[in-house]
Amino acid sequence: MGIWSYFLPKSPKILVYMLQQVEYNSSKFLKWTITLPNLLKVQKRQKLETTARVQLLLAITYSGWIFLLVTAVVVCLKINVLFGVLLLFLLPLFLICVLATSNTLLDLAIITPKEKREIARAKNKLMSLPATRIAILGSYGKTTTKEILTAVLSSGKQVVATPGNKNVLISHARWVNSLNGAEDVLIFEYGEGKPGDIKLLTDFSHPEIAVITGVAAAHMEEYGSLDAIAKDFRHIFSVCSPKNVFINGDSPELTSRIHQGRTYFGAGLGDWKIKLQSQDLDGMDFIMSSGKKTLKLHTKLIGEHLLGSLGLAVELAEQLGLSDQQIKAGVAATKPFEHRMQPYKLAGAQIIDDTYNGNIEGVRAGLKLLGELKTTGRKIYVTPGLVEQGALTRVIHNKLGQLIAKSQPDRVVLMQNSVTSFIQDGLDEGGFAGELLIEPVPLDFYTNLEHFVAAGDIVLMQNDWPDSYR
Amino acid sequence: MKTIAVIFGGRSTEHDVSIVTALASIIKPLELTKQYKVEAVYVAKDGAWYWDEKLKDIDLYSSGGIQDFLHKSSPVSVQFDGGMTLVKSSGIAGRKTARKIDVVFPAMHGTYGEDGSLMGLLRMANVPFVGCDLDASVLAMDKVLAKQIVASKDIPVAKYEYLQREIFARNSSEVLRKLEKALTYPMFVKPAHLGSSIGITRVTGNQELRNAIEVASHYDEKVLIEEEISNLIEVTLPIMGNETLKPALLERPLTKPEDFFDFDTKYLQGGKGGKKGGSKGAQGYSELPAKLSDELYKKAENTGLSVYRALGCQGIARVDMLIDFKTEIVYFNEVNPLPGGLYAHNWRAAGVSNIELVQTLVRLAEERWQVVKQQNTIFSTNYLQQF
Amino acid sequence: MQLIVDSLITNYTRAGRGKVIVLLHGWGDSLATFNDLGRELAGGFEVITLDLPGFGQTQSPKFAWTLDDYAHFVKNFLDKLGVKPDVIVGHSNGGALAIRGLSMDVLKSEKLVLLASSGVRNTKSVQRNLIKTIAKIGKISTFWMPRRHKQKLQKWLYGAVGSDMLVVPHMQETFRQTVRQDIQKDALKITVPTLLIYGDKDRATPSQSIGNKLHKLISGSQMEVIPEAGHFIHHDALGVVAKLIKDFA
């Protein structure tokens with residue numbers, strides 16, 4: 001049925017969008033398109049970002065489209081009508097091949113050499129910068145930890161961190177090339193996509209301090225197992241001394257595999273003890289006490305699972321020479337980031353948007369919070385499930401269902417996809433007795449949220465399910 | 001999946017408001033439930049009925065494209081086949097599309113719609129419909145009748161008189177004399193049947209009274225004149241239900257003392273031709289919930305519920321009341337059987353989401369119909385044998 | 001507030017206490033244009049504004065009206081309110097209306113203020129004839145277009161050449177009869193003290209051509225030209241205009 005969508009004039013644009021979604025990875029693109037999905041149903045969660053690369057690819061694909069059409073017509077007229085029509089039927093595959101091939105060629109001929117030059121230049125520059133280099137790696141929580149460290153350390157130092165989700169080697173290089181040299185602290189977020197990534201990043205930035213935020217099932221299609229993930233992370237020790245590597249003690253998958261470094265917990269690290277006083281949708285009040293001092297701290301962040309990173313930030317701030325005053329101010333400056341346990345009000349209801357969360361630990365923390373909050377209305381939990389869980393998908397989603405059932409929300413909203421039935425099984429096994437709503441068109445729900453809620457409701461939305469997944 | 005027809009537009013001064021009520025507060029949430037197939041039926045200003053998916057898009061109306069649409073389309077046919085079925089022939093050689101309607105959701109404000117006209121039609125057609133039935137609608141839309149019924153149940157109403165246009169035209173001085181004898185200034189002169197504050201004037205003297213009656217008569221042949229309530233707090237209460245009633249929150253519209261809730265303020269937010277009007281009109285201008293003492297709040301709530309029952313309202317309605325805060329008397333003002341935008345903002349603040357609101361109303365409609373179905377009104381007789 | 005005047009439902013406002021000032025708006029406008037000015041003046045005067053028939057919320061006339069019809073309407077409106085104006089203030093076409101009404105003795109007032117008044121027929125007849133020709137050609141060549149698009153195109157064309165004719169499309173005929181009326185002869189008959197206020201950046205009713213002409217025709221009149229103000233001087237220079245009127249009244 002969907003084959004007709006390839007003959008529409010806008011099909012090249014949709015194909016390029018799909019390529020962009022898999023980050024220009026030709027093999028991932030081919031895997032997705034080889035089944036010839038209906039192009040009109042590729043839900044456009046985002047718009048096609050027009051870069052020079054995109055424009056070039058579009059031009060090539062459109063040319064290919066026109067070329068085939070013209071050839072088919074010529075064949076029809078000059079040789080044989082049947083052949084011409086058959087040729088026309090090859091259009092979908094032809095477009096896909098043209099796009100994939102030109103993408104790969106573009107990569108090899110232009111993009112990769114260009115990137116190599118940028119990286120070499122950046123490496124040189126990096127060696128001359130005096131700033132302290134901190135690396136953050138882990139299966140989840142990297143960006144949050146990065147933002148927390150940045151906010152707290154900025155209270156007394158000039159801190160710059162790799163922006164947004166740009167945590168691959170070429171982005172690091174470009175970022176380094178843009179620095180002005182006056183920075184005190186550079187924070188690198190290491191993105192791991194496949195084995196070997198961490199080594200590349202480590203060798204490039206040579207960090208002095210590192211933080212491993214945890215190990216969980218993420219990018220399982222490339223890594224295959226949690227052990228493989230941990231092995232990759234271990235490369236950090238080839239550059240960083242163990243007393244400068246902090247590992248998250250609250251991630252059992254991490255601590256069971258990596259035994260070097262200094263552990264930090266939500267309950268404390270080193271001499272510090274951390275105690276949560278109270279938490280509501282405006283933030284958390286907590287106390288950090290060591291033998292030498294006690295700090296009363298407030299943050300606008302919510303979620304007990306963040307206390308570990310906050311504690312680590314305080315410890316590093318002290319190490320780098322910030323005063324207690326500065327540390328307090330720094331912690332007070334931390335606030336929720338977009339789509340990460342971000343609270344806001346809508347139509348009188350309280351919404352917590354944690355849609356960027358992509359792992360089971362974050363889910364655990366979110367559900368714990370939901371269970372603790374008090375309200376007159378209903379508690380609603382919304383999730384599509386977790387992507388890239390690989391072979392562990394069924395088990396993890398069953399666990400997810402059970403976790404949800406345990407926190408007893410009044411209503412659960414699931415987005416319909418390949419893991420929905422696993423979550424449902426988990427809900428049943430966990431004894432969920434509330435209302436279950438399955439949304440066949442996720443976008444309809446998220447964009448019309450105000451129609452689903454009323455005053456007094458608390459809605460926790462976690463995880464995202466991008467278009468490239470089924 | 002059940003099919004729900006939402007009928008909106010109509011030959012009334014509130015035509016445009018009803019479009020927004022239908023599209024934003026009814027059709028959208030109904031479709032989001034994914035439990036119903038929703039059909040949009042638009043009644044144009046000339047009274048013709050149209051049925052099309054395109055009618056669900058607000059841009060069609062705000063851009064003016066509706067004119068072209070009406071120009072090109074032919075009205076829908078309705079088959080009264082013991083129920084109601086919509087029939088449309090689409091361009092290609094008279095290919096007909098038919099859809100049987102399971103429930104009708106009336107979304108028309110004002111004359112020839114909210115006033116019972118549509119309800120009467122639907123009752124006859126034997127199809128379940130949402131909201132007040134024919135009798136309650138007629139009573140609610142006639143401000144005089146509503147006052148008479150409510151007063152008979154010992155619920156306070158402002159002192160009032162009413163007149164017929166023809167009588168006034170024939171003998172205005174006599175009528176005015178009688179009015180001034182029965183009532184004291186300041187007074188409000190209103191067309192008996194309209195909503196939305198059109199044609200309403202506040203008068204403080206004889207000449208003003210005469211002019212105001214002339215204005216009101218321009219809109220309606222029955223005119224209501226009532227005394228102003230002093231120390232005034234205006235409140236309104238949306239209520240839902242058939243036998244078991246659920247009130248929303250008492251809402252207090254806040255307006256400047258000079259201009260009471262007039263059409264512009266209510267729907268166009270102070271500016272002419274404002275596109276941001278419609279169902280959101282009252283929102284920016286109210287205290288929700290109204291800040292009254294617990295006692296007074298309860299009193300007003302109970303008065304609202306009593307009025308709802310007295311008039312026989314079902315499904316949903318909104319009761320407007322006037323409170324004299326010195327004497328703490330709660331007066332009944334008027335009832336609106338189809339609140340603009342269903343007053344969804346108020347229901348939301350009361351803990352009922354848009355989706356729940358429309359789902360409940362559909363359920364109430366079906367429940368009522370079941371009850372009505374039980375009543376046997378068809379009897380077989382021998383009457384015809386004699387012919 | 002509303003009133004029935006000559007069987008038309010008429011929208012008007014009335015506020016303040018003191019000498020009576022009546023504000024008459026121009027073509028395609030409504031009483032809302034005087035919201036701010038009215039507020040400024042209501043402090044020391046009784047300010048009355050109305051929507052002229054066919055505009056704002058007042059019903060449209062049942063047949064095409066002339067400027068005289070409008071003048072009679074305003075008279076009947078004021079009579080119904082039982083009001084004798086001390087000052088009539090007319091903006092643009094409202095000014096022409098006032099001039100015509102006063103000259104016919106249909107309207108009576110102690111004083112007259114003309115804000116960027118029109119009424120002097122555009123002497124650039126060559127330009128006008130050109131526009132007329134283009135319009136006729138356009139009408140013929142676009143017969144195939146759907147009505148709504150044709151109307152849009154027409155509106156754009158008229159707007160582009162600065163014509164107000166299609167600002168209120170259903171009043172086209174009335175526009176032709178009213179706005180094209182030349183009241184220069186009537187201006188000669190004005191005997192009441194008159195103040196003319198024009199903006200020097202006014203392109204619709206330029207102070208040099210139209211303003212000065214009327215100034216010369218109305219004996220004993222005063223004229224003020226406000227710098228950096230356009231056709232809607234009561235918006236562009238609210239404070240100055242309000243003060244001028246208060247001092248003059």
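Start by selecting helices H1 and H5 of chain A, where H1(A) passes H5(A) in a right-handed crossing, the near helix being turned clockwise from the far one by less than a right angle. This is a predicted model, in which local features need pLDDT of at least 70, side-chain atom pairs count only at pLDDT 80 or more, and totals for chains, interfaces and linings use all residues. Residues are numbered from 1 along each chain as its sequence is written, chains are lettered from A and ligands numbered from 1 in the order in which they are written, and side-chain values use heavy atoms, with hydrogens and water left out.

H1(A) covers residues 11–21 and H5(A) residues 91–128, and the two pack at an angle of about 45 degrees with their axes 11 Å apart. That angle makes H1(A) oblique to H5(A), a word for angles that are not under 35 degrees (roughly parallel), over 145 (roughly antiparallel) or 65 to 115 (roughly perpendicular). Axes are lines fitted to C-alpha atoms, for helices over the stretch in contact, and angles run from 0 to 180 degrees between N-to-C directions.

Next, show the side chains where A:Ser11, A:Leu15, A:Val16 and A:Leu19 of H1(A) meet A:Leu95, A:Ile96, A:Leu99 and A:Asn103 of H5(A), contact meaning heavy atoms within 4.5 Å. The residues of this contact divide into six nonpolar, two polar and no charged.

Move on to the open sheet of 10 strands in chain A, whose order is E2-E3-E1-E4-E5-E6-E7-E8-E9-E10 with mixed pairing; strands pair if DSSP finds at least two bridges between them. At the edges, E2 (159–161) and E10 (294–299) each pair on one side only.

Within this sheet, select E1(A), residues 132–137: six of its six residues are buried, so the strand is largely enclosed by the rest of the structure, buried meaning under 20% relative accessible area with a 1.4 Å probe and protein chains only. A:Thr132, A:Ile134 and A:Ile136 lie on one side, and A:Arg133, A:Ala135 and A:Leu137 on the other. E1(A) pairs with E3(A) in the parallel sense over five bridges, and A:Arg133 has A:Leu186 as its bridge partner there. Four bridges join E1(A) to E4(A), residues 209–212, also in parallel, with A:Val211 as the partner of A:Ile136.

Then select H7(A), residues 169–178, which lies across E2 and E3 (185–189), running at about 165 degrees to E3(A).

Finish in chain B with H4(B), residues 117–125, whose buried residues are B:Leu118, B:Met119, B:Gly120, B:Leu122 and B:Ala125. The helix is followed by B:Asn126, whose phi is positive, near 65 degrees.

Conventions
Ala, Val, Leu, Ile, Met, Phe, Trp, Tyr, Cys and Pro count as nonpolar, Asp, Glu, Lys and Arg as charged, and the others, Gly among them, as polar. Buried means under 20% relative accessible area, exposed over 50%, partly exposed in between (1.4 Å probe, protein chains only).
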